[in-house]
Amino acid sequence: MGPALLTPALSLFCLALPLSIAGANIGWALVLAVMLYRLRLGKPPAWTAARGALETPLWAYLAVALLTALLGVDPARSLRSINQEAHKVWLYYLLSIALASSSSRLPLGALAAGFALASLTGIAQALTGTLSGAPVRAHAFVHPVTFGEQAAVGLLGAFCFLLSPSRETASGRPRRLLWGLAALLGAGLLLSNTRGAALAAAAGALAVLWLAPHWRRWSAAALLACALAFVAMDLSHSDRSILNEALTKSSVERPQLMRLTFWSVALRMGLDHPWTGVGLNNYRTAFNRYYQGPLEGGAKDWGDAHNIYLHQFAERGLLGTAALLWLLFVFWRRSLARARERPGAENLWAYGTATAFLVMNLTETAFQTELAWMLVFFVWLWAEAAHRRKADVHDDTL
């Protein structure tokens, strides 16, 4: 019964990932319950699966987060947020072991259904807003930025399965469904007007194309198509256009360029507290010491530097930034190694997503947004489990 229950639990988690943090939490809680039930039945999980490349960097990242929380400007506020960092370690262990213990492949149908439902909802929102004269960014059930980041990951997945199809997706109805899903996710991404996510998707796709020699010749055309799509996305919302704001000669406040202010604030915070920063989750606490000008919506302060690297330098100093860069480097390097060894769709997807995640975090703090990092982690861990399983089968045949 244990193995039979694990697949539905993982399926629920996959279905909810593009839709709801509450649903995703229920999904992983059910996965945990099934794993405990299997243990009670005397079926030990695949403990060794957790001893992977990310284990040590994740613990180092958590240890530095705790240190900077204790040494920051408001330790009490920081310690209330430490569970968010511990959750990354916990979920890494749970999903690594659960995916290795599952005898079935990832329920791709459930994840695809979640992506499709989110995309359809987001597209309907945007079209309805346009028809009513009140433009709305596609967002489904989450923030438009999170929606765009999820759509970018999903679009890369469809792209990789079309580029390097498995036996099940090489032709017929599954391939047509993949094309349909790619169209929905692409439309959702464009209508979300999330430029950072669009650039990330383009970077991930180009990285995948460059890794596949027979597709490398299409890289220039793909780059041009991505550039045109980005310009179209930017200009589609005139009130949010960076190009319009960058070209204007007006002295009126330009909200789309406020990221430059947030980056400057983060840099000055980090330079004032170079080793451990102002402390976990204290960017908002210290913000007004560095900036007292106008903010969007009349806000009094701001809690996000819109760049994970500068944000963590501000909150965690050089120690925190080093821990983050080590973790992300290992994350990306391992995905590249897998893709080079076995360039199947799952490894290409994980590699493209890891590359996209590095770019995505240049303009957002996706590494601190649960539905973003949970999805990225899941794709990476699924590819890791599938890669190990194929390696074991290969070794058994020798």
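Let me begin with a term: a crossing of two helices is called left-handed if the near helix is turned anticlockwise from the far one by less than a right angle, and right-handed if clockwise. Bear in mind, too, that this is a predicted model.

As for the overall picture, the protein has 16 helices and zero strands, and buried residues account for 52% of its 398 residues. If we take the contacts between residues at least 6 apart in sequence, 73% of them join residues at least 24 apart.

Now to helix 3, which passes helix 5 in a left-handed crossing. Helix 3 and helix 5, residues 82-101, pack with their axes 9 Å apart and at an angle of about 165 degrees, and because angles over 145 degrees count as roughly antiparallel, helix 3 is roughly antiparallel to helix 5. On the helix 3 side the contact includes Leu 58, Trp 59 and Leu 62, and on the helix 5 side Val 89, Tyr 92 and Tyr 93 are among the residues involved. By class, this contact of helix 3 with helix 5 has 11 nonpolar, three charged and no polar residues.

Helix 3, residues 55-71, also packs with helix 14, residues 308-341, at an angle of about 175 degrees, with the axes 9 Å apart, which makes helix 3 roughly antiparallel to helix 14. Here the residues divide into 13 nonpolar, four polar and two charged; among them are Tyr 61 and Val 64 in helix 3, and Leu 319 and Trp 326 in helix 14.

Technical notes. Residues numbered from 1 in each chain as written. Predicted model: local features only at pLDDT ≥ 70, side-chain atom pairs only at ≥ 80, totals over all residues. Heavy atoms only, no water. Helix = DSSP H or I, 4+ residues; strand = E, 2+ residues; numbered from the N terminus. Buried < 20%, exposed > 50% of the residue type's maximum accessible area, 1.4 Å probe, protein only. Contact = heavy atoms within 4.5 Å. Axes fitted to C-alpha atoms, helices over the stretch in contact; angles between N-to-C directions. Parallel < 35°, antiparallel > 145°, perpendicular 65-115°, else oblique. Nonpolar A, V, L, I, M, F, W, Y, C, P; charged D, E, K, R; others polar.
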